Amino acid sequence: MILIDGKKAAAELRAELREEVAELKSKHNKVPGLTVILIGDLTPSQIYVRNKEKSANEVGLKSEVIKYPDSVEEKTVLEKIQELNSDETVSGILVQLPLPKHIDKQKVIEAIVPSKDVDGFHPMNVGNLSSGYESSIPCTPLGCYLLIKKIEPNLSGKKAVVVGRSNLNGKPMTQLLLKENCTVTITHSKTKDLKAECLEADIIVAAVGIPELVRGDWVKKDAIVIDVGINKTDNGIVGDVHFDEVSKNAKALTPVPGGVGPMTIACLLKNTIDCFKRSQI
Ligand code: NAP
């Protein structure tokens, strides 16, 4: 079984991005810039943002974090986004989720100009992705896609099952696999026989949020299994896939932690650089 090393893949991607940033700097005399807006003091969000900033600096991006207290008014955030939209030194804008209840998430997402939407959540980017046009792609599914392609460069005709249909993970993952000519089944909480669906799959991507939902006898021999889940349990962090059982059957599997997670931040940096490149055309 191939243990898909997300840490190593992310380090390789960051090294490529570092070179790309250096080339862009010598060509344009400026570097891509990422601005993150962080609202409130939720510890996981603070950790994510700190990691994003550290990684951005490591590849040579200009990075900035704007912090607001929990009590900030929605209007203040929307005005800041407008300011960043027209700031030429900012290539990508990310508002760290979740937001406090009094701030409308969709309004915030739609306030970011699509060309700087590094999360790929703006309806324009969602539509472009599903239409097969160039767009920002949500970072976690993009990371999964890059890991799958490392194992199997030609996905044409493969049967893929995506478990979970969130806008963040399941739906964009489905679009990426479709674009590669996979036959894709998207499953969710109302799917009648999830085990039977998974048993058909050459590729399984699990993005559910239920610890160890996907069991060993759900997985065909030689399947590629990507585990997006991050679940806190009494035994520590586990994924949505039962690692010990599935590793006996699968051809390749991502561990949790150390699989998809590290690729997510690396893909955010990639998206920022891609936004910059599109803005220079
Ligand atoms: P979400 O928005 O809660 O969506 C979960 C999806 O799973 C929903 O579509 C839901 O179906 C489906 N589901 C729930 N129970 C199911 C069941 N028994 N069988 C089949 N499908 C079922 O979750 P998310 O934001 O996509 O996140 C999923 C997991 O990924 C979480 O553990 C999260 O922490 C993790 N995550 C990891 C990363 C990373 O960087 N590695 C990034 C983001 C999220 P319905 O639509 O029918 O409700």
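**Ground rules.** I note that this is a predicted model, in which local features need pLDDT of at least 70 and side-chain atom pairs count only at pLDDT 80 or more, while totals for chains, interfaces and linings use all residues. Residues are numbered from 1 along each chain as its sequence is written, and side-chain values use heavy atoms, with hydrogens and water left out.

**Second largest cavity.** For my own use I wrote down that a cavity is a set of points, on a 1 Å grid over the protein atoms alone, where a 1.4 Å probe fits but cannot get out, and that lining residues have an atom within 4 Å of a point. The volume of this one is about 30 Å³, a volume being the space filled by probe spheres set on the points, which are joined across faces, edges and corners. The elements that give two or more residues to the lining of the second largest cavity are strand S2 (33-39), helix H2 (43-59) and strand S3 (62-68); helices (H or I, at least four residues) and strands (E, at least two) are DSSP runs, numbered from the N terminus. H2 provides the largest share of that lining, 4 residues. By class I read 5 nonpolar, 1 polar and 3 charged residues there, where Ala, Val, Leu, Ile, Met, Phe, Trp, Tyr, Cys and Pro count as nonpolar, Asp, Glu, Lys and Arg as charged, and the others, Gly among them, as polar.

**Largest cavity.** I then saw that the structure holds 2 cavities of 30 Å³ or more, and that about 70 Å³ of space lies in the largest cavity. Its lining is made by Ile93, Leu94, Val95, Leu97, Val108, Ile109, Ile112, Asp117, Asp119 and Phe121. Strand S4 (92-95) and helix H4 (105-111) are the elements that give two or more residues to this lining, and S4 has the largest share, with 3 residues. I recorded 8 nonpolar, no polar and 2 charged residues in the lining of the largest cavity.

Between S2 and S4, which run parallel, I noted 4 bridges; two strands pair if DSSP finds at least two bridges between them.

**Six-stranded sheet.** I also traced an open sheet of 6 strands in the order S1-S11-S8-S7-S5-S6, again with parallel pairing. Its edge strands are strand S1 (2-3) and strand S6 (183-187), each of which pairs on one side only. Strand S5 (residues 159-163) and S6 pair in the parallel sense over 5 bridges, and the bridge partner of Ala160 in S6 is Val184. Helix H7 (residues 170-179) packs on the sheet, touching S5, S6 and strand S7 (203-206), and its direction makes about 170 degrees with that of S6; angles run from 0 to 180 degrees between N-to-C directions, with axes fitted to C-alpha atoms, for helices over the stretch in contact.

S7 and S8 run parallel and are joined by 4 bridges, with Val205 having Ile226 as its partner in S8. S8 and strand S11 (residues 252-253) pair over 2 bridges in the parallel sense, and Val225 stands opposite Leu253.

**Arg278.** Last, I located Arg278 in helix H10 (residues 260-279). Is Arg278 buried or partly exposed? I put it down as partly exposed because its relative accessibility is 29%, the class between buried, under 20% relative accessible area, and exposed, over 50% (1.4 Å probe, protein chains only). Leaving aside neighbours within four places in sequence, Arg278 is in contact with Glu134, Ser135 and Ser136, contact meaning heavy atoms within 4.5 Å. The C-alpha atoms of Arg278 and Glu134 are separated by 9.9 Å, the two residues being 144 apart along the chain.

Definitions and conventions. On a 1 Å grid over the protein atoms alone, a cavity is a set of points where a 1.4 Å probe fits but cannot get out, and a pocket is an open set with protein on both sides within 12 Å along at least five of seven lines; lining residues have an atom within 4 Å of a point.
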